[in-house]
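Colleague: I am new to this structure. Please show me how to read the way its parts meet.

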Amino acid sequence: PSLRPEMRYRPDLEKFTFQMLQMYQSLIPPEEEERKRRQFLSHLDQLVAREWPGARLFLFGSCANAFGVCNSDIDVCLSINDDQLSKADLVLKMAAILRSDNMQNVQALTHARVPIVKFTESTTGISCDICVNNMLAVVNSKLLHDYSQIDVRLRQLAFLVKHWAKRRQVNETYRGTLSSYAYVLMCIHFLQQRKPAILPCLQDMRPTYRVTVGNIECAYYDQIETLQSFGANNKETLGELLTSFFEYWAFRHDYTRAVISVRTGGYLSKDEKEWTRRIGNERHLICIEDPLEVAHDLGRVVDRHSIRVLRDEFHRAAKILRHDLNPCTTLFEPF
Ligand code: ATP
Ligand code: MG
């Protein structure tokens, strides 16, 4: 078979892929966890309905987007029409409700960019974040979920990349590295770029799903059943894809000029996005366009120090995948 250049170093590719698939399997949450989570949510639903009959709870983040590994926390959005109370007030009120229901470690973070209440349920140990009227996150979770249903290699690749990022401590936005959401977008973009492509660009197809959130129009093709064989002409295995992913971010990405864009299925330039200058704390040292909030660069949290950390980690991973005799262990070694 004709191997891509970066694969010539790895004679044991098949074995490596097998090991990566096993690791992926071990990261999938067991059915039991799913069951506990449903129980927990129906309890929350009741609490909220008692206080606000017109309100609704929506799941988002890793337990709604198919990219959740075992023991992820639960992200919930409270959707409510209330002209009297601000988001911060609603968060405070939610915190009071949760405390009176005996939830543990209830913290209302009212000054965060997105105000949330964080807490833990004592019996199950489930941790949960609730935000208010953040429907874009619900819609972007559906977009990610829809992509995950097209080709299983996306979910496999993203689980391993997220696992790597957590182990290497480069999944910490408060320290200037990237969110899980950003890593999943990097994986989607990467699979859109393979030749032949493994994923299509859903926002570039005839829309079958439309919703307006605030002033943002979200429209894309969501009849995923019709796309089941989209990536079938590409035979790359998980081992090859993981290797090429790190090769790309270590050696091929144009950090000076390029913006990756899942929305267009390709690249944009920093010039056309006007992401060439530092404004305030936003430096655009690695540019990942949000597929819905297109003015939003998910790399904006990255600063001069953390870009070095990130790029060093991409190099380390790429080098291990080229030369290491036991990459499965070394790649995921805790930092
Ligand atoms: P984890 O398994 O690490 O908890 P996660 O999928 O829940 O992963 P987070 O990065 O915690 O990912 O984000 C949760 C959700 O919040 C995302 O799925 C996305 O919908 C939304 N989100 C997070 N960061 C952003 C952002 N910068 N812009 C827009 N939406 C975001
Ligand atoms: Mg989460």
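Modeller: Start with domains: their bounds come from an automatic or database domain assignment. Here the assignment gives domain 1 (5-27 + 137-331) and domain 2 (31-133). Their centres, taken over C-alpha atoms, are 28 Å apart. This is a predicted model: local features need pLDDT of at least 70, side-chain atom pairs count only at pLDDT 80 or more, and totals for chains, interfaces and linings use all residues. Residues are numbered from 1 along each chain as its sequence is written, and side-chain values use heavy atoms, without hydrogens and water.

Colleague: How many residues of domain 1 are in contact with domain 2?

Modeller: Contact means heavy atoms within 4.5 Å. By that rule, 17 residues of domain 1 meet 14 residues of domain 2.

Colleague: What area is buried between domain 1 and domain 2?

Modeller: The size of an interface is often given as the accessible area lost when the parts come together. Buried area uses a 1.4 Å probe and is summed over both parts. Here the figure is about 1200 Å², with 69% from carbon and sulfur atoms. V138, S141 and K162 supply 35% of what domain 1 buries against domain 2, more than any other three residues.

Colleague: Which helix gives the most to the side of domain 1 that touches domain 2?

Modeller: Helices are DSSP runs (H or I, at least four residues), numbered from the N terminus. Helix 1 (13-27), helix 4 (135-148) and helix 5 (152-167) each supply at least two residues of that side. Helix 4 gives the most, with six residues.

Technical notes. Chains lettered and ligands numbered in written order. Buried area = accessible area lost by both parts, 1.4 Å probe.
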